[in-house]
Amino acid sequence: MLNSSLTEISAALAARSISSVELTGLFLDRIAELNGELKAFIWPEKTRDIALEQARRADERRAGRGNAGDTGPLTGIPIAFKDIYCTRGVHTTCGSRILQNFVSPYDAHVVEQFYRAGAVLLGKCNMDQFAMGSSNESSYFGPVRNPWAKNRVPGGSSGGSAAAVAARMAPAATGTDTGGSTRQPAAFSGICGLRPTYGLVSRYGLVAFASSLDQAGPLARSAADLALMLNVMAGFDARDSTSVDRPKEDYTKALDAKLKGVRIGIPREYLAEGIEPGVREGVEQAVSWFTAQGAVRVELQLPLTRLAVPAYYVIAPAEASSNLSRFDGVRYGHRAKEYADLIDMYCRTRAEGFGDEVKRRILVGTYVLSHGYYDAYYLQAQKVRRLIAQDLLRAFERCDVIVGPTAPTTAFEIGAKADDPVQMYLGDIFTIPAPLAGLPALSIPCGFDAAGLPVGLQLMGRHFSEGLLLGAAHRYQQATDWHLRVPTETPL
Amino acid sequence: MSLSDDQVQRLARLARIAIRPEEFEPVLERLNSVLRLVDEMRRVDTAGVEPMAHPLDAVQRLREDAVTESDQRDLYQALASAVEGGLYLVPKVIE
C-alpha cells in the first residue's frame, strides 16, 4: 500500500481490503522508521495519535453506510500537510522558532476541504522557514534530506512534503508555491508538484509570505494523483480576497488529453548555457516524446527571463517584510525573555525568532519599500513584472504549453549554497516566471542525471489551464516510468 | 549601489530586528550581494508601463459590511505570552 496511487488506495479502502487505521498505521510506521534521518516531518510523534483517531473515525463513517453518499472521495486516506497550513489543535510552526509553540486555533480552508473529503491528517511537513528558501536548509528544525541521496537537499520550500511523498512516508502532501516551492522540490525529489493559477486555491489559514505570489498546491507521485488532490483544494472561498469565483472543475476528467496538435513552446532561454547536461538531456527526450505523439514544437524566445529573478527578489521580500510585521511577540508566537522596553522587546523577539534568511528578506524588503527607494526598486520591479507577464502571455498566442526544465540543476549537496543567497536565488530562474504572471505550472519527473538524481520537467500553461497540464503530464506518465521509481536510499 | 553601515542600522531599526555586533559584517555583505543581483532590473526602460500589483489584474473584492467574526477572545488570547484580564500585556510605554 505504501507504493500505491491515491486511486488504488481509495479502491482498497472502498473494498474494505484495508482499514484507514491499518493504512494510516503503515505510513506512521514508515515515518517512524525514516524520519529521524530524513526530517521530512516536524514532530510526527505529536500528530501520530491525532492521525490514528481521525483514521478510526473515517473507518466508522465508512462502516456506517451501505451506500456511498456521505463518504468523501478521500475517506480514510492520510495526507501530509506542509507546516504552513494552520491545523486546529496541532502545531503550525512554519519551520520557524518564532512559531515553535504556536498551536493553531483554526483550520486553513484547504485543510477543511481535505477533512470534508474524508482525508486524515498524517502529519506536518518540514519546510524552509516561512517558505523562504530553495533547499529546506532554512528550517529551524534542521535540513530535510533527499531520499535519492541523503547528503543532498530535497529542494524547497516544500522540501519536507516532497521528501515525504518520494520516500513513501505519505501518499500525497500539500505544499505552497510562491516562487517555485511546489515544483522545484518535486523536481529534486523525483515526484510531481503543481502550482495552480493564482486565485484557484484559497490561502485562508496559510501563513502569508508574499501575497501577490503565494498559491497552495499539491505534491504527489503522479499527475493523476495531483488531479485528485486539486479537485479537493480548488474552489471559491470568500475568506481569501484573491479567491476566484468560477465553476468547479473535475480535473480527473481532463487526464485523457489529446496531444495531437498541441503546440509545445520551447523557450531558447530555458535550455541555454548553465543548464546541467543531464537536465537538458531529460528535457529534450521528453519533448521528443511529446512531438512523437503529434504535439507541435514551437521555438520561443523569452529574453526577459533573466529579469525574473531580480524582479522576484524585490517583490517577494517587500511583501514578506510587510506580512511578517505581525510577528511581534504580543498576540502569539515567541517573545524574548529579557528586554528594556517595547521596541527592544520587538527587536529581540524577532532577532531570536527569525532565522538568517528570513531576516535577510525582511531587511531587503524594508529597504526596497523605504522612502527614497520605493520607486527605484519596488515600483520598478512591479513594472518589470508586467513586462515579463506580457511576454509570457504573448508566447501563449503561439503555443498551448511552455515546456522546459523545472530547475537548471538536479539536487545539490547540503551546504553547497548555504552561505551564498544569490547562488541559491539564481536556481529559481525557471520557476519564478509562472508566479509573476499568475500562471499554472507543474513539474513531473523526466529522467535521471549521471549521478542517478531525478530531473524535473516543467509544463506551464495559460491561466486556469490546469486540466491541459495535468492531462499532458498524465499521458506522458502512461508511457514512462520515471515517476514510479522508488528512491535508492529509502527502499521499500 | 551598496548599503552603508548606517543604512543597515536604520533598516534594522525600521524592521524591528536586532543585529548583534558580530553579525553585522556578514549581514551587510549579503544584503549588498542581493542588491547587486536585483540591480539589473533597475536599468530596464519601463517608461509608460503600469506597475503590476495583482497577477490577474483583479481588483479587491468587497463584501457586505456584516459581522462575520464571533467573540473568540479567550481562545485567541490563550496563544499570547502575557495576558491579564482579557488584555495583552506589553512593556510600559507611557510614564
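Where in chain A is the place of S157(A)? S157(A) sits in the loop between strand 2 (120-125) and helix 5 (159-166) of chain A, where helices (H or I, at least four residues) and strands (E, at least two) are DSSP runs numbered from the N terminus. What you're looking at is a predicted model, so local features need pLDDT of at least 70 and side-chain atom pairs count only at pLDDT 80 or more, while totals for chains, interfaces and linings use all residues. Residues are numbered from 1 along each chain as its sequence is written, and chains are lettered from A and ligands numbered from 1 in the order in which they are written.

**Where the chains meet**

- On the chain B side, 38 residues are in contact with 52 residues of chain A; two residues are in contact if their C-beta atoms, placed from the backbone, lie within 7 Å.
- Helix 1 (5-15), helix 2 (24-42) and helix 3 (73-77) of chain B each bring at least two residues to the side that touches chain A.
- Helix 2 of chain B gives the largest share of that side, with nine residues.
- Sorted by class, the side of chain B that touches chain A has 26 nonpolar, five polar and seven charged residues.
- For those classes, Ala, Val, Leu, Ile, Met, Phe, Trp, Tyr, Cys and Pro count as nonpolar, Asp, Glu, Lys and Arg as charged, and the others, Gly among them, as polar.

**Helix 9 of chain A against helix 2 of chain B**

- Two packed helices are described by the angle between their axes and the distance between the axes.
- Helix 9 (residues 305-323) of chain A packs on helix 2 of chain B at an angle of about 120 degrees, and their axes are 8 Å apart.
- Axes here are lines fitted to C-alpha atoms, for helices over the stretch in contact, and angles run from 0 to 180 degrees between N-to-C directions.
- Helix 9 of chain A and helix 2 of chain B are therefore oblique to each other; angles under 35 degrees count as roughly parallel, over 145 as roughly antiparallel, 65 to 115 as roughly perpendicular and the rest as oblique.
- The crossing of these two helices is left-handed, which is the label if the near helix is turned anticlockwise from the far one by less than a right angle, with right-handed if clockwise.
- From helix 9 of chain A come L307(A), P310(A), A311(A), Y313(A) and V314(A), and they meet V34(B), L37(B), V38(B), E40(B) and M41(B) of helix 2 of chain B.
- That contact has nine nonpolar, no polar and one charged residues.

**Helix 11 of chain A against helix 2 of chain B**

- Helix 11 (residues 356-369) of chain A and helix 2 of chain B have axes that come within 10 Å and cross at roughly 55 degrees.
- This pair is therefore oblique as well, and the crossing is right-handed.
- R360(A), L363(A) and V364(A) make the contact from helix 11 of chain A, with R30(B), L31(B) and V34(B) from helix 2 of chain B.
- The residues of this contact divide into four nonpolar, no polar and two charged.

**The nonpolar core**

- The largest nonpolar core has 170 residues, and I79(A), A164(A), A311(A) and V314(A) have the most contacts inside it.
- Such a core is a set of buried Ala, Val, Leu, Ile, Met, Phe, Trp, Tyr and Cys residues joined through C-beta atoms within 7 Å.
- Helix 9 of chain A supplies the largest share of this core, 11 residues.
- Not counting residues up to four places away in sequence, V314(A) touches V368(A), Y377(A), Y378(A), A381(A), V38(B) and M41(B).

- The peptide bond from G156(A) to S157(A) is cis, with omega near 10 degrees.
- R16(A) isn't a glycine, yet has a positive phi of about 60 degrees.
- R16(A) lies in the loop between helix 1 (6-14) and helix 2 (20-38) of chain A and is exposed, with 10 other C-beta atoms within 10 Å.
- A residue is buried if 20 or more other C-beta atoms lie within 10 Å of its own, exposed if 12 or fewer, and partly exposed in between, with C-beta atoms placed from the backbone.
- N136(A) has a positive phi too, near 70 degrees, and is buried, with 35 other C-beta atoms within 10 Å.

**Two aspartates**

- D225(A), in helix 7 (residues 223-233) of chain A, is buried, with 26 other C-beta atoms within 10 Å.
- D250(A) lies in the loop between helix 7 and strand 6 (263-267) of chain A and counts as exposed, with 12 C-beta neighbours inside 10 Å.
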